[in-house]
Amino acid sequence: MATYSAQTSLSDRVRAEELGAALERLKPAPDGVSIEAKSKRANAYEVTGYFPTRPDEVALEILRSAFNCTPFQVSEIPDIDWVAYARKRRPALQIGRFFIYESHDNCPVPSNLEPLQMKSVMAFGTGYHGTTQGCLLALDQLACRRFVAQRVADVGCGTALLAMAAARIWNPSVVAGDIERDAVLVARRNVQANNLESHVTCVESAGFEHMTFSKTAPFNLVIANILKRALILLAPQVARYSSANSYAILSGLLEDQVDDVVVAYSAQGYQLVDSITREEWITLTLQSTDQTVLDVPSTTIRNKITV
């Protein structure tokens with residue numbers, strides 16, 4: 001039985017995730033949706049829906065117009081073993097002390113590594129992208145420096161991979177938030193699959209707006225793998241909800257974007273500790289020495305992130 005793919009591309013990751021969610025709501029619904037980051041250059045995010053029958057091209061054109069993406073390329077794919085195909089495309093992966101594998105993998109987990117099982121999902125953050133890998137390595141480095149996270153915030157958590165990685169190392173209280181409801185559902189499934197419900201709470205939230213963040217604060221580690229504009233807008237809130245001598249791991253940046261983010265966080269009392277380059281992406285680790293409590297409404301962050 002043939003399968004049909006409908007593939008497009010666009011330059012913004014948040015919009016790519018929104019488009020993926022919109023594809024999931026089509027009738028007939030796709031069997032799956034993938035989002036792959038190719039490059040930070042134009043049309044960097046490839047979004048593909050896999051359909052059991054030929055998709056409605058009028059519906060695809062409506063989505064193309066709404067999301068300003070490239071025209072969908074619809075192709076017929078011969079019947080193949082999709083589990084084997086997924087394994088080939090996304091094999092088990094070791095990043096630092098972490099061993100990331102998908103739910104269909106039957107490979108043994110090395111006893112000296114921290115296991116993180118991921119379900120095949122559309123949400124961003126499955127471990128195969130340079131920003132996610134940089135954050136995992138930054139977590140590994142902090143642990144090697146004998147830092148102990150007690151309360152962790154993962155802002156823009158996607159699949160909750162980074163939240164779960166922090167939970168595996170330190171057993172802290174972790175709040176993982178994402179602005180997309182579909183991503184939160186994926187995150188909760190992954191947390192449950194890894195038996196980390198007692199450590200990781202997943203909430204739908206723009207920035208720190210959900211009350212769970214304020215109830216859990218102050219955090220001594222904040223992780224935000226998002227984009228430059230959102231990272232800069234979030235800087236006052238990161239400071240507000242963090243303790244003194246806390247750390248922030250920030251990613252989703254290219255080299256020419258780093259200085260602006262460092263300046264924004266320096267204004268909040270952070271200093272750059274380290275940076276990691278993975279592919280063309282930069283991950284920053286910053287440390288706070290003094291926190292100034294700021295009254296920054298979360299609604300401001302939501303409005304600016306979603307424009």
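How many helices and strands does the secondary structure of the chain come to? The count is 10 helices and 14 strands. The model described here is predicted. Of the 307 residues in the chain, 54% are buried. Contacts between residues at least 6 apart in sequence were also sorted by separation, and 69% of them join residues at least 24 apart.

**The four-stranded sheet**

- An open sheet is formed by four strands, in the order E2-E3-E1-E4, with antiparallel pairing.
- Strand E2 (32–37) and strand E4 (73–77) are the edge strands, and each of them pairs on one side only.
- Direction ignored, neighbouring strands of this sheet are turned by 20° against each other on average.
- E2 and strand E3 (residues 45–51) run antiparallel and are joined by six bridges.
- Within this pairing, Ile35 has Val47 in E3 as its bridge partner.
- Helix H1 (residues 13–24) packs on the sheet, where it touches strand E1 (3–10), E2 and E3.
- The direction of H1 makes about 10° with that of E3.
- In a regular strand, side chains alternate between the two faces of the sheet.

**Phe51, a residue of strand E3**

- Phe51 has its place in strand E3.
- Is Phe51 buried or exposed? The relative accessible area of Phe51 is 1%, under the 20% cut-off, so this residue counts as buried.
- Neighbours within four places in sequence left aside, Phe51 is in contact with Thr3, Tyr4, Ala6, Leu23, Leu26, Pro28, Ala29, Pro30 and Asp31.
- One of these contacts, Ala29, is 22 residues from Phe51 in sequence, while the C-alpha atoms of the two residues are 7.0 Å apart in space.

**Helices H4 and H5**

- Two packed helices are described by the angle between their axes and the distance between the axes.
- For helix H4 (residues 130–144) and helix H5 (residues 161–170), the angle is about 15° and the axes are 10 Å apart.
- Because angles under 35 degrees count as roughly parallel, H4 is described as roughly parallel to H5.
- The crossing in which H4 passes H5 is right-handed.
- On the H4 side, the residues that meet H5 are Thr132, Cys135, Leu136, Leu139, Leu142 and Ala143.
- On the H5 side, the residues that meet H4 are Leu161, Leu162, Ala165, Ala166, Ile169 and Trp170.
- By type, the residues of this contact are 11 nonpolar, one polar and no charged.

**How H5 is enclosed**

- How many of the 10 residues of H5 are buried? Nine of them are, so H5 is largely enclosed by the rest of the structure.
- The buried residues of H5 are Leu161, Leu162, Ala163, Met164, Ala165, Ala166, Ala167, Ile169 and Trp170.
- Asn171 follows H5 and has a positive phi, near 55°.

**Strands E8 and E9**

- Strand E8 (residues 151–155) pairs with E9 in the parallel sense, over five bridges.
- In this pairing, Arg151 stands opposite Ser173 in E9.
- Strand E9 (residues 173–178) is mostly covered, with five of its six residues buried.

Note on methods. Residues are numbered from 1 along each chain as its sequence is written. This is a predicted model: local features need pLDDT of at least 70, side-chain atom pairs count only at pLDDT 80 or more; totals for chains, interfaces and linings use all residues. Side-chain values use heavy atoms; hydrogens and water are left out. Axes are lines fitted to C-alpha atoms, for helices over the stretch in contact, and angles run from 0 to 180 degrees between N-to-C directions. Helices (H or I, at least four residues) and strands (E, at least two) are DSSP runs, numbered from the N terminus. Angles under 35 degrees count as roughly parallel, over 145 as roughly antiparallel, 65 to 115 as roughly perpendicular and the rest as oblique. A crossing is left-handed if the near helix is turned anticlockwise from the far one by less than a right angle, and right-handed if clockwise. Contact means heavy atoms within 4.5 Å. Ala, Val, Leu, Ile, Met, Phe, Trp, Tyr, Cys and Pro count as nonpolar, Asp, Glu, Lys and Arg as charged, and the others, Gly among them, as polar. Buried means under 20% relative accessible area, exposed over 50%, partly exposed in between (1.4 Å probe, protein chains only). Two strands pair if DSSP finds at least two bridges between them.
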